[in-house]
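Visitor: I would like a close look at a single part of this model, taken slowly and with the figures kept in view.

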Amino acid sequence: MYYISAASTISHQPAFLNAGFSGVIEPLHAGSELINPDYKEYIEPGLLRRMSKILRMSVACSGACLKQSQIEQPDAIVVGTGLGCLLDTEKFLNNALTIKGLLPPTSFIQSTHNTMAGQISLRLGNHGYNMTHTQNSVSFEHALLDAMLLIDEGEKHILAGAADEHIEFLDEISRNLNIKPAPGLTSGASFFILSAEKSERTLARVKDADAIGLVGNIPEKISMFLDRNKVKSGDLDLVLFAGSKVVTKDEIEEFQTFMKMENLHCMDYLKYSGIYPTASAFAMHFAADKIRHTRSLKNILICNSLIHSNLGLILIQSVEA
Amino acid sequence: MEDLKEELKKQLIEQLNLEEISPADIDDDTLLFSDKGLGLDSIDALELIVLLEKYHGIQVTKPEEGKEVFRSINSMAEYICKRKS
Amino acid sequence: MSVRITGIGIVSAIGLTVQENLLALKDGRTGIMPFSFRNDNKTFLAGAVRATNTDLRKELHIHDQYVSRTALLGLKAACEAWQNGKHCDEIRTGLISSTSVGGMDLSEKFYSAYLHGNNPDFEILRMHDSGSTTEKIAVELGISGYINTLSTACSSGANAIMLGARLLLQGKLDRVLVGGTDALTNFTVNGFRSLMIYDEQWCRPFDESREGLNLGEGAAFLLLENEKSIRFSGNRTLAFLNGWANAADAYHQTASSPEGKGATLAIQKAIEKSEISLSGISYINTHGTGTKNNDLSESVALKNVFGEHMPAFSSTKSFTGHTLAAAGAIEAVFSVLSIQHQLIYPNINFRSAIPETGLEPVTILQTEKPVSAVLSNSFGFGGNNSSLVFSNHE
């Protein structure tokens, strides 16, 4: 069993340091901004000055998460990111193609995907297992699976999370590829402490997760996942899925029919998180928060097919389920 | 020389993205790499090498040279004048 | 508990197949040569793979309009390790690759054209992200389900191998293809230059006069199988993976700590896990990039662990160049070959030891010493340190 001892998110929703946020979320509207905490409270100016968006979000989020859990040193740090450090990658690429002389190194150093996990371990002085997963839309699920594997292997507390950042160039790419994502492309970060044992701080438990690449029959895979966890579709209190249009009643019905699960209570989480590769991490925090604050909820399933060839599944249960 | 030092302070702040600091906060003899001074690190040292080339046309080919050269604004200014003459 | 290695595949500056690489290692022939990108007059030393994208596409029957070189190199090596494996529902198969540049070889060409207003095709960018590179390999080999990519800079390849082993031992998969791939890009060459650790001369790992690394490109994959999968595939076991560990240095974003803390931990834990004694290690394939920092830090770590009883060691990066994410996987293949053929490779370009540690690597190919267990180190940016232990027994 895997218990969520703490969770922290930076997003368009008032989630940061706000337990119960799942009750006050609102769909994104045009012009909606990311709600940034005061990063100075988490990161010294000397380091903050260099940090891109994705890095400061990850460091602040993981810092808040650890504080919440009252754990000083996690046994391991595992991070998922779909596109990595885009700001620094773009900056260095630009420099490399335009500057004739010496190139400033900072953006190169911070362009590697594992900068987040590395910085977090640096700040904590943590010498444990440190990993970064990058499998586009299922990067977070893979990080979560790795964290679960570590607990199976005997570790006690894992800091696991995901982050992705938006740069304007992504919008230009979308326009040129005729992709019209709605709601818009954005950034986000969510971090969790996954523990081997429950405590009074536990929000919820992760019953199971899966990341299926080149998935064929999605409803079949979802059924198999539920079967092996001895959960019937009727037991699901809520299904969070990655819709790709502004959700209409039609789309929910479409999803229910697609899943052959009528009467399913569904919610498109992208409507609240915005679109970024690891948005399913937001969904997990939302699910854990909702279950913690609503006694009657027992099972929440997260179905992430943000990219249709991949399927990420996470089954969140209440601690007593 | 004084103008050069003022210039260096501005360039340093920009190159290293020291958002919270103004030239008035940096003394000519502030130890740039000491925790009691500006607390810069080895990545900053490389950035300063870029700064020297970009703004003053001076090349520092070995990163180890940097230790003495970048001790303070004073030592940087002295080095620039020496290399230019 | 150990894991069986039943397939290996590799493409590097010293060969397009396992056989070619082995021959070059035996002959002491480096693959690092003067190199320049097309349309660029800057020449530098690098370990480029002697095959154009056109050659690779032809051999691999790739007809897509845009495929990154990273994916092509990866696919070449993966095919060799996969050995035309068959699929069946009862055998759960996975693929774990790793990369630092992903499709950057294509993206940077795109971006250059874009900055010059040359109307490049945005479709090229679909191949940019690391995950797509791995997915391409999966598609070609018919693998679906567990498809994953790790990216932890220079330790990535070793980490992919480690994750694969863990999944097998925890019963999540029956067989898994694990490895890494990275193509040479302007981005990385310029990056290491900006850090002032790219040597203008041939790199000299562990040498007093070392000035930095030479980059390389390549890919390598290993096939790990459990007993059930081996009964199905009929593959022979080439060697065993007995121990592994990953430990963070937590010292600095790019430099390794002078006392080699993370490296020491990784080496110690990997050997402990293997249950092989320190004296049982026949050879160490070091990370040995040729940078002032790594080689000193790694030497200190080795001394911390082995003290006065240092096994024979060498860095093969003076053969292949530093292949970033692929390095851990390429060197894992070299470690398997070392055990299979009882070889200890020379550390080319070495003349005199680092004064602070006095350690001397092997400089001539050894064929007489028995090789039963090999330690392979891969230490990356961000202080990510991984060590693997291979042997000829379970």
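Into which domains is chain C divided?

Guide: Since this is a predicted model, what follows describes computed geometry. Chain C is divided into domain 1, which covers 3-233, and domain 2, which covers 242-391. Taken over C-alpha atoms, the centres of domain 1 of chain C and domain 2 of chain C are separated by 21 Å. Between them, 60 residues of domain 1 of chain C are in contact with 56 residues of domain 2 of chain C, where a contact requires the C-beta atoms of two residues, placed from the backbone, to lie within 7 Å.

On the side of domain 1 of chain C that touches domain 2 of chain C, at least two residues each are supplied by strand S1 (3-11), helix H1 (18-27), helix H6 (156-169), strand S6 (175-182) and strand S7 (218-225) of chain C. The largest share of that side comes from H6(C), which gives eight residues. Sorted by class, the residues on the side of domain 1 of chain C that touches domain 2 of chain C comprise 30 nonpolar, 22 polar and eight charged.

Chain C also meets another chain, in a contact that takes 48 residues from chain C and 41 residues from chain A. On the side of chain A that touches chain C, the elements giving two or more residues include helix H3 (86-98), helix H5 (115-124), strand S3 (129-133), helix H6 (139-152) and strand S6 (204-213) of chain A. S3(A) gives the most to this side, with five residues, and by class the side of chain A that touches chain C has 19 nonpolar, 20 polar and two charged residues.

Chain B has a radius of gyration of 12 Å, which agrees with a compact globule, because a globule with 85 residues would have a value near 12 Å. Of the 85 residues of chain B, 31% count as buried, and among the contacts in chain B with a separation of 6 or more, 52% are accounted for by residues 24 or more positions apart.

Technical notes. Residues are numbered from 1 along each chain as its sequence is written. Chains are lettered from A and ligands numbered from 1 in the order in which they are written. This is a predicted model: local features need pLDDT of at least 70, side-chain atom pairs count only at pLDDT 80 or more; totals for chains, interfaces and linings use all residues. The radius of gyration is taken over C-alpha atoms; the globule rule is 2.2 Å times the number of residues to the power 0.38. A residue is buried if 20 or more other C-beta atoms lie within 10 Å of its own, exposed if 12 or fewer, and partly exposed in between; C-beta atoms are placed from the backbone. Helices (H or I, at least four residues) and strands (E, at least two) are DSSP runs, numbered from the N terminus. Ala, Val, Leu, Ile, Met, Phe, Trp, Tyr, Cys and Pro count as nonpolar, Asp, Glu, Lys and Arg as charged, and the others, Gly among them, as polar. Domain bounds come from an automatic or database domain assignment.
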